[in-house]
Every structure is written in C-alpha cells, then in structure tokens.
Amino acid sequence: MTTSALPESLAQIREEFLELEQGDRLILLLEFANDLPELPPRYAEHPDLFERVVECQSPVFIFTEVDDDHIVHLHATAPREAPTTRGFASILAQGLSGLTAQQVLDVPDDFPNTIGLTQAVSLLRIRGMSAMLARTKRQVRERVPA
Amino acid sequence: MTVEVDPSASFTAFAHPSRLVSTDWLRANLGAPGLVVVESDEDVLLYETGHIPGAVKVDWHTDLNDPVERDYIDGARFAALVGSKGISRDTTVVIYGDKNNWWAAYALWVFTLFGHADVRLLDGGRAKWEAEGGEYVTPTSRPAAVDYPVVERNDSAIRAFKDDVLAHFGKPLIDVRSPEEYSGERTTAPAYPEEGSLRAGHIPSAQSVPWGKAVAEDGTFRTLPELESIYRIGAGLTTGDDVIAYCRIGERSAHTWFVLTHLLGFEGVRNYDGSWTEWGSAVRVPIAMGAEPGAIPIR
C-alpha cells in the first residue's frame, strides 16, 4: 500500500462523519443510503455484469467501470431494507467517483475503519464496507491492462 | 404494572401464550401505560428509516454486547440502557424486528438473562406490520428516563458455555444453522462470512433443525402441531429433555430457544451463545462432518 494522501472526495466524507456526535453519524449514514445513485439505464437491465459482495449481510452488488481516460465509475445496488449496506455502497460510489484507476488502487484498505463508524455501527458491520472496497479494487485491476 | 395479555385464539395452544402479541393487539395497545415497544434489528439503521410509533431501539451489537470482552453487558449497563428507554422493572416490553424476529428473539433472550419478567415478541415482526400497512414514524423516540434496578445476569438457567456442552453429551443438542454449515461445507452462514472459525462441521450428535423452519410464510410462528412435528418428530425431542441449542454466535439459536421454551414448553432449554465461532476454533473438541449427527463422543 502506498502512503499517498486520501483523495479529496473521501477525505471530505471522512471529515463530515468525524465532526458529528455518534448518534448523528448514523443519520448521516442514512442520508448516504438514501442518496445511493440509481443505476444508469444502460446497466439497470444487466444484472449479469454485477458481482455480489458476499461479505455483506444483505444482498449488495457492485460493478466497476474504467473509461478510456482511466476514470473509475462504481455502480452499486442494495435493497431499501438494508440501509447500512446501502450507506456503505453510497459512500464508496460517491467517494470514488471521478478518481483515476491508480487513485482508487491507492485508497488505503482501512479507509472504512477511519471514518468514525466503528463505534456507532460496530466493527463487525464495517467489514462489509472493507470487502466492498477490496472487490472494487480487484475489479479495477482486472479492467486496467498491467 | 403490566399490560393485559393478547387473548388471540392463535396463541392459546402454545405453552406460554403471554409471550406473543399480534399486530392487531399492538395496534390496539400502542401508547398504553406500562408498555414499551422495542425494535431490534440486524441492520443498525433500519429503525432510523421508520419504526412503529413510540418504539425505542436496542441494537444487539452496540447495546447488548460488551464492547471489549465477548460477553453481554453487566447489570449496571443494562439498567442504564433500558432505564434510558423508559423501561422499568415491571414494564411490559414488546420486541419486534427484521428477518423474522431473529434479532428480536435474541434481545428477548438477553432481557431474560436479566430476569425481566414481562417481555414478549410481536408475532410476524417488522415484515407483518409492514405488510398490513402499519404506521411508521422516523423521529427517534425520546421517552423520559426511568429508574431500573441493577440486577446481575443469571446465566445459569438459559445460557450454556463450552464446558456445559462438553458435559452435555448424551442429551439433545440442536444445531440451528444452515445445512451447509452443519455438514461442514462452509463455516459461515451464506452471506455472513465475517465471523469465521477455523474448523467446519457440527458438534457430534447434534440434530440439524435450521431456525427458520419455525417460521411461516408471513413471518409468524408456525402452529403448535407444525412445531411439534418439526421438533418432536423431526428432531426426536421428548418432554423432559434437557436441550442446548447453538448456531454461529447465538442469535439464531436464541430464536429456537424461544420456540422450544415459550411455544413448545420445554423446560431448562439453554442457548450456547459461544456457538460455532467458539467451538469451531477451540482446541481439542470433537467435531462431526457431513449430514449425519455422528456418534456421541465418549469422554
């Protein structure tokens, strides 16, 4: 892992969580859950492209795209009745959006543990988000020629 | 001060009908003095998306588990927790939740460790309330705090530890995990890999009865004859048996503990909450693989 600084988008999300009280952090996570971007229509009908994050308690599926300019686009879907998982997916989808493939690969693996949710949500549940990040990176690696 | 029990005919056949309330009963009794409704879910944010009016939230992990040791909170913490939710020692507590009341049953079992007398489950849980168009509100309920006495847990009656299980061979054990976990194909529930263990399989001689068998399509408990057929005929339990149930961390088996104790009327049923995450990583304990229970270990 490199020691490069956290990308601006993720640093900002972390700051937003850390400046809140524990209880309010849950509310912010819920806001992220509600803001999980809808799938672009071109993917909405292609569940075959998506990979299930089996480490999560609820069915969540991700699909990573790397465009011609090496910019990463992370698409995710998770059910309404699984707001925690939706929140995790939304943080990554929004925080990684617009980063280059290399910037995504350089995101520290322990980013999910550093945003102040280990107490409010529990370390156990945070592991679902770590798995989501790890799978995203693996997909990015697969899509970028070595 | 406790609230009248639900006289629904569908509960009268059960051993302890006072442990269940129907959604109809809850609608009629919401706001009754002496009643506190508790939501307990797997998803820590679900309550915030909307809950039964007046319901308070108790999270199995962040509220009921000790934050450092693998154990439950102590009497002082429990008193502070439930007192802050407006629950007194004589309050009628009705618990409901997601996933067929899986975590609600676990919370009920923890309340029972502390000897809270009147604690009941909403039959059908969140799913049934929702299916019937039940009202939800989003603001967190902020009841006035009340005093709850500091009562230490009594683990001896309904909780089993690893040594209790080792001393139990020859008496019935019920493994409530999925068939794949039982046979040893995998160590984690499908989609729940975060609590790993080093070995796969089951405790020798344990009968496999996945917990969800006790639940009907609509999320309510199955009828007494159906439950008798699953546990007495299927798993061979007979009246007077001393039973220990286990799963992965003790949550699914708390649900089965509720069924065996309060619906079927078995006495002295214990939940081994160390379950497979302890047994499957413990040194030199017997393990059986495959779909058959396996022989009773000789000790």
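Is Asn100(B) buried, exposed or partly exposed? I opened the notebook with that one, working on a predicted model.

**Entry 1**

I found Asn100(B) in helix H5 of chain B. Its phi is near 55 degrees, a positive value in a residue other than glycine. I then looked up the cover: Asn100(B) is partly exposed, with a relative accessible area of 28%.

Next I turned to Ser275(B), which is not a glycine but has a positive phi of about 45 degrees. I placed Ser275(B) in helix H11 of chain B, residues 275–279. The relative accessible area of Ser275(B) is 0%, so I noted this serine as buried, the cut-off being under 20%.

**Entry 2: the largest nonpolar core**

Which residues touch the most other members of the largest nonpolar core? I got Ile95(B), Leu121(B) and Tyr231(B), in a core of 60 residues. The elements of chain B that give two or more residues to this core include strand E2 (35–39), helix H4 (75–84), strand E4 (92–96), strand E5 (119–122) and helix H9 (224–234). H5(B) gives the most, with 11 residues.

As a general reminder to myself, nonpolar side chains tend to be buried together in soluble globular proteins.

**Entry 3: chain A as a whole**

I counted six helices and three strands in chain A. Along the sequence they follow the pattern α-α-α-β-β-β-α-α-α. The radius of gyration of chain A is 14 Å, close to the 15 Å of the globule rule for 146 residues, so chain A is as compact as a globular protein of that length. Its C-alpha atoms fill a box of roughly 40 × 35 × 20 Å along the principal axes.

Of the 146 residues in chain A, 50% are buried. I also checked contacts between residues at least 6 apart in sequence: 67% of them join residues at least 24 apart.

For the surface, I noted that chain A exposes about 7,100 Å², with carbon and sulfur atoms supplying 50% of it.

Technical notes
Residues numbered from 1 in each chain as written. Chains lettered and ligands numbered in written order. Predicted model: local features only at pLDDT ≥ 70, side-chain atom pairs only at ≥ 80, totals over all residues. Heavy atoms only, no water. Helix = DSSP H or I, 4+ residues; strand = E, 2+ residues; numbered from the N terminus. Rg over C-alpha atoms; globule rule 2.2 N^0.38 Å. Buried < 20%, exposed > 50% of the residue type's maximum accessible area, 1.4 Å probe, protein only. Contact = heavy atoms within 4.5 Å. Areas by Shrake-Rupley, 256 points an atom, 1.4 Å probe, with all protein chains shown as cover. Core = buried A, V, L, I, M, F, W, Y, C linked by side-chain atoms within 4.5 Å.
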